[in-house]
Amino acid sequence: MNEPVRRVSVIILLLVLTLMAAASWIQVLNAGDLNQDPRNVRTLYREYGNYRGTFVVDGESVVWSEPVDDPYNYQRSYSNGELYAAATGFYSIVYGRTALEQTENELLNGTADSLFWTRLGNLFAGEQQQGAAIELTLRHSLQQVAAEQLGDQRGSVVALNPETGEVLAMVTSPTYDPALLASHDTTEVNEAYQDLLNREDSPLVNRAIAGDTYPPGSTFKLIDSAAALEAGYDEDTELYAPQELELPGTSNTIGNYGGEACSADDQMTLADALRISCNTAFADLGMDLQWGPIERKAEDFGWTDSIDIPLSVTASRLPEDPNEPQTAMSAIGQYDVRATPLQMAMVASGIANDGVVMKPYLVDTVRASDLTVVDVTEPEVYKEAMTRADANTLTDMMVGVVDNGTGTAAQIGGVEVAGKTGTAETGQDTAPHAWFVSFAPADDPKIAVAVIVENGGSVGNEATGGAVAAPIARAVMQEGIQLAQEGDL
Amino acid sequence: MATVAVVTARAGRRAELALMGLTWVIVVLARALVDYNAAYLELVDLAIYGAVWAAMMVTAHFVLDKVAPHADPVLLPAVFALNGVGIAEIRRIDYAEGTSFGGQQMIWAVVGVTAMIVALLLLRDHRKLRRYTYTAGFVGLALYLLPLVPGLGITVNGARIWISVLGHSVQPGEFAKIALVIFFAGYLVTNRDTLALAGPKFLGMRFPRPRDMGPLLLVWAAAMLIMVYERDLGASLLFFGIFLGMLYIATQRLSWVLTGMGLFFIGGAFAALTIPHVRARFDAWLHALDPEVYSSGTSEQLVRGLFGMASGGLFGTGLGEGRPDLVPYAESDFIIASLGEELGLTGLMAILTLYLIIVQRAFRTSIGVRDGFGKLLAGGLGVAIALQVFIVVGGVTRVIPLTGLTAPFLAYGGSSLLANWLVIALLLRVSDLARRPSGEED
């Protein structure tokens, strides 16, 4: 009977090898898939089990993890949840992470390579792994002013430091309370999330960088002007500015706001045309320059490029091979031209910074749990969009807009403000979007701002950029100048 | 006359003691680690724990030295290691769940080791067991069918494999296993010649004579009864598998095994198609990760176990550092998944290797012992342990459908632990004879 015993023992060996192979498949070869399975709560528990880093604004934590007595150990908590939701995003056990909670996740949970030494230190000290703190470039007072000014209106405000590219304010309206989604009660979270999803005014969308991009309307005339200056025009170059401009090859015409004439003799300078935002003049200028130079200039400021700040920013769009009438429409920021509010802030910022567009960024400093600096974002030139001389000329023209043009509502006593209004048509039955892009002080710019109020906000059909958006930009710039005077900017 | 000096090789008792020393270190360290990670490391408790293990090991050693000096020296250290690691993991789950299974399992370990010692003291020669062949057969069958008695059997998780004795639930199937191995060994050693007779040739293979098919059909019917009425696929498979393995060892006829497997397959397929409980098990096995099957709850436990093992990876989270408590029955049916999570693939491989060592020592004993009954007994016990491990671990790792058996020596459960310690007692007893130098009789 020895022979069959040997054979059985070989079969048993094969069976055990099969088990070992199956265990290897589960624990090593296929472990990645199993660990990423959304039904696997272990990954989540492990993450929640560690102290997740905070978000810091002006030296104060705005998002942090509070120890609690449940399987997750920590509860994500917020001091001004709604105000910073667009930047920080939410951190949910059901719906995962968004915005900076997602892009900075490895730093926040402490697993990033740059935190290796900190981890090692924690290990030796017998401490729990701790995530890093993320210090944002946002300023609390600017966020607050921008949010207050927007109020219930749908829209967005973006403020940049023209010299560095720091995003000083990024407000989108309406917004949401991330605390609702951070709850550990999954039913509660599900309900809150469904409510937010079902709302028609899409509060989960960050309009500043990732919403449906907007037609920039007359604010796009800044790009036309920059292209014209580069093409050899100067501020005094006379443009053809009729009351109505016929579009070649069509029966359509372009008129001015309210159907008014721009000037008595159908002629006006480039500076004046920008000052009163004369549509026919810029439409004609567009056809004269042709689409190529305008397209290039728009791209010089960042159009068609998607960037990460580190939130990913939707690329602003341009029409492809527009014919003459389409070029005319595009030149006044209609047709297929689209821009994010951040893109428009970058236009203002580039003009303000002598033609150099700095790369916008939201994260200033990353600090490990022991407060040592892990990473500091250095300002970086994004694009050189204009010559210094052209930028200064355009700045002067923009000062004219605020001094005695369409943007007088943005005037700040004792400070020269450069700006441009925009009133973008959105269709036959809907009110136009009100835009304002600006920077101040004009001679030594500290802050560049873009404001959009969707569909005229509370004013509706009668809205213009000058009436609705300019006062908001004014308030934000005023706060910015205040901060600069206190040495905080 | 010249006297030949018989070298009394004290076959490996010292090596056994050394291995047990190593086992003791592993067992006590495992518990220390679990306590430390639960922030409850009491040195006094740990010292008592270490002392109890040392006492068990040393007592077992001295008893073997006296009553079975030639017994296999590897079996005990391997079994102690499994038992100790199991208790550490159970204790670890106790911390997470607020239960106290670890302490109870420790008591059962003491009971099991005592039972082993008593069995070795009472049974000085395994051949005596052959006298009780039919008694063992009757006892085995009765134990298997006991849970079906109304008022006595308890249904747990759909399977009716428990009985209630004085307020305690007992799993008689674990003991039936031993009785049936004794019965099969006695029966087959007597009838192997008849059963080995060649019958009709079919598909190029000699099949047994139809008139000899009686016992096979009877055992098959009993296995089907267990599957259908006790709804215990695992016990049924184990019971029938042990019989087939021993039948093969006795007759060396593959045709018996194939016939038996064919019969079982037909029965299993029929059950899978008609019995909802069995069918659900098959569904959960084949489509475990399918969202529909998962959300219906049938594969949830299995998949949670897979998640646990996957999170352990190659080296595991460390004892007390994972979340094995997220898997239902982490301390019993799914202790393999718990250990896989916390000790990693490395740890699981080590555990499987320990089982492999135990089983191979059983087969080595079977080959070494001279009497046919002993060969079948040791071989049958080896097959029983191996099959049980395969059915349990295979179920958890999705090699086969999940069933309700428990991992020998690791899983929480008094019946299982006690029965398996008795299996070890029998193996030690047979191995003592197998390894005894010729000419030395006591």
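Student: Which residue stands opposite Ser156(A) in β19(A)?

Tutor: In this predicted model, Ser156(A) faces Ile452(A) of β19(A). The pairing of β7(A) with β19 (residues 447–453) of chain A is antiparallel and runs over six bridges.

Student: Which other strand do bridges join to β7(A)?

Tutor: Strand β8 (residues 167–173) of chain A is joined to β7(A) by six bridges, again in the antiparallel sense. Within β8(A), Val167(A) is the bridge partner of Leu160(A). The two strands β7(A) and β8(A) make a hairpin with six residues between them. In that turn, Gly165(A) has a positive phi of about 95 degrees.

Student: How should I read the side chains along a strand such as β7(A), and which way do they point?

Tutor: In a regular strand, side chains alternate between the two faces of the sheet. From β7(A), Gly155(A), Val157(A) and Ala159(A) point one way, while Ser156(A), Val158(A) and Leu160(A) point the other way.

Student: Are the residues of β7(A) buried or exposed?

Tutor: Six of the six residues of β7 (residues 155–160) of chain A are buried, so the strand is largely enclosed by the rest of the structure. For chain A as a whole, buried residues are 53% of the 489 residues. Chain A has 18 helices and 19 strands.

Student: Which residues is Tyr95(A) in contact with, leaving aside its neighbours within four places in sequence?

Tutor: Those contacts are with Leu181(A) and Tyr193(A). Tyr95(A) and Tyr193(A) are 98 residues apart in sequence, yet their C-alpha atoms are 8.6 Å apart in space. Across chain A, of the contacts between residues at least 6 apart in sequence, 69% join residues at least 24 apart.

Student: Turning to helices, which residues of α5(B) are buried?

Tutor: The general idea is that an α-helix has 3.6 residues a turn, so residues three or four places apart point the same way. In α5(B), the buried residues are Ala136(B), Gly140(B), Leu143(B) and Tyr144(B). They cover an arc of only 100 degrees around the axis, and therefore lie on the same side of α5(B). That buried set packs against α6 (172–196), α7 (214–229) and α8 (233–251) of chain B. As for length, the 13 residues of α5 (residues 133–145) of chain B should span 18 Å at 1.5 Å a residue, and the end C-alpha atoms are 18 Å apart, which agrees.

Student: Which residues are buried in α9(B), and which are exposed on the other side?

Tutor: Trp256(B), Thr259(B), Gly260(B), Leu263(B), Gly268(B) and Ala271(B) are buried in α9(B). Their arc around the axis is only 165 degrees, which puts them on the same side of α9(B). On the other side, Gly262(B), Phe265(B), Ile266(B), Ala269(B) and Leu273(B) are exposed.

Student: How many residues of chain A are in contact with chain B?

Tutor: In chain A, 29 residues are in contact with 39 residues of chain B. On the chain A side, the elements giving two or more residues are α1 (2–29), α2 (31–36) and α3 (41–49) of chain A. Of these, α1(A) gives the most, with 19 residues. The chain A side divides into 18 nonpolar, seven polar and four charged residues.

Technical notes. Residues are numbered from 1 along each chain as its sequence is written. Chains are lettered from A and ligands numbered from 1 in the order in which they are written. This is a predicted model: local features need pLDDT of at least 70, side-chain atom pairs count only at pLDDT 80 or more; totals for chains, interfaces and linings use all residues. Helices (H or I, at least four residues) and strands (E, at least two) are DSSP runs, numbered from the N terminus. The expected span of a helix is 1.5 Å times one less than its number of residues. A residue is buried if 20 or more other C-beta atoms lie within 10 Å of its own, exposed if 12 or fewer, and partly exposed in between; C-beta atoms are placed from the backbone. The arc is that of the directions from the helix axis to the C-beta atoms. Two residues are in contact if their C-beta atoms, placed from the backbone, lie within 7 Å. Ala, Val, Leu, Ile, Met, Phe, Trp, Tyr, Cys and Pro count as nonpolar, Asp, Glu, Lys and Arg as charged, and the others, Gly among them, as polar. Two strands pair if DSSP finds at least two bridges between them.
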